[in-house]
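Please have the sequence and the model in view.

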Amino acid sequence: MPADPQRSVISEPPRGSGTSAVEVRRSSRRNRTVSAYREGDRTIVLIPARMSEAEEQRWVTVMLDKLAAQESRKLLGDAELAERAERLSAQCFGGRARPTSVRWVTNQNTRWGSCTPAEGSIRLSHRLQGMPEYVVDYVLVHELAHLLVPGHGPRFWRLLEAYPKTERARGYLEGVVAAERLPHLPAAREE
């Protein structure tokens, strides 16, 4: 069986793309689809072998923009997090939960969030960044509820019923915790 003719080109990315190198992999097995992903500080763009150089350059730009947009949506800043908390407090608690600060922290590796009711501060683990919005919102609602009820008693859990995706988000987080406990096997590389 003859080898699949592939060409891999590594080049400098367009300015402002945020990556140090772009690797374009051409494949004769790929007919129409173009895809891209990050691998360390490199972006890999997979394209059909028949594409012209001009099409390749256009698709590299399109895919870099698409990846950057996806990544920026995933990473909310502290200000956006505080706005979400305010919106969720209004939706779930009639605006009664009013945090004085809401921010991401990197020192919470065993919990998803924490709240200090006396100070009105809420902190979310950086591990939530990139998770689905409904999961981040659930953790925010959970911590907002602590501003109203400090413990985890029946009154606290009744408050959380106001968030419609509580069970789904809890299941997602339980799955993440379970996956972290699995043995890490080397990832299969697709080429």
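Helices (H or I, at least four residues) and strands (E, at least two) are DSSP runs, numbered from the N terminus.

The model is predicted: local features need pLDDT of at least 70, side-chain atom pairs count only at pLDDT 80 or more, and totals for chains, interfaces and linings use all residues. Residues are numbered from 1 along each chain as its sequence is written, and side-chain values use heavy atoms, with hydrogens and water left out.

**The chain**

The protein chain has 5 helices and 7 strands. From the N terminus, the order is β-β-β-β-α-α-β-β-β-α-α-α. Of its 191 residues, 39% are buried. Buried means under 20% relative accessible area, exposed over 50%, and partly exposed in between (1.4 Å probe, protein chains only).

Leu81, Arg84, Ala85, Leu88, Ser89, Cys92 and Phe93 are the buried residues of H2. Seen down the axis, they fall within an arc of 140°, so they line one face of the helix. The arc is that of the directions from the helix axis to the C-beta atoms. The face turned away carries exposed Ala79, Glu83, Glu86 and Gln91.

What do the buried residues of H2 pack against? Their partners are strand S5 (101–105), strand S7 (121–125), helix H3 (133–148) and helix H4 (154–160). Contact means heavy atoms within 4.5 Å. After H2 comes Gly94, with a positive phi near 60°.

Axes are lines fitted to C-alpha atoms, for helices over the stretch in contact; angles run from 0 to 180 degrees between N-to-C directions.

| Helix pair | Axes come within | Crossing angle |
|---|---|---|
| H2 and H3 | 9 Å | roughly 70° |
| H3 and H5 (residues 166–181) | 9 Å | roughly 105° |

H3 is therefore roughly perpendicular to H5. On the H3 side, Tyr134, Val135, Tyr138 and Val139 make this contact. Among the H5 residues in it are Ala169, Tyr172 and Leu173.

H2 and H3 are also roughly perpendicular to each other. Angles of 65 to 115 degrees count as roughly perpendicular, under 35 as roughly parallel, over 145 as roughly antiparallel and the rest as oblique. The H2 residues in this contact include Leu81, Leu88 and Phe93, and those of H3 include Val136, Leu140 and Leu144.
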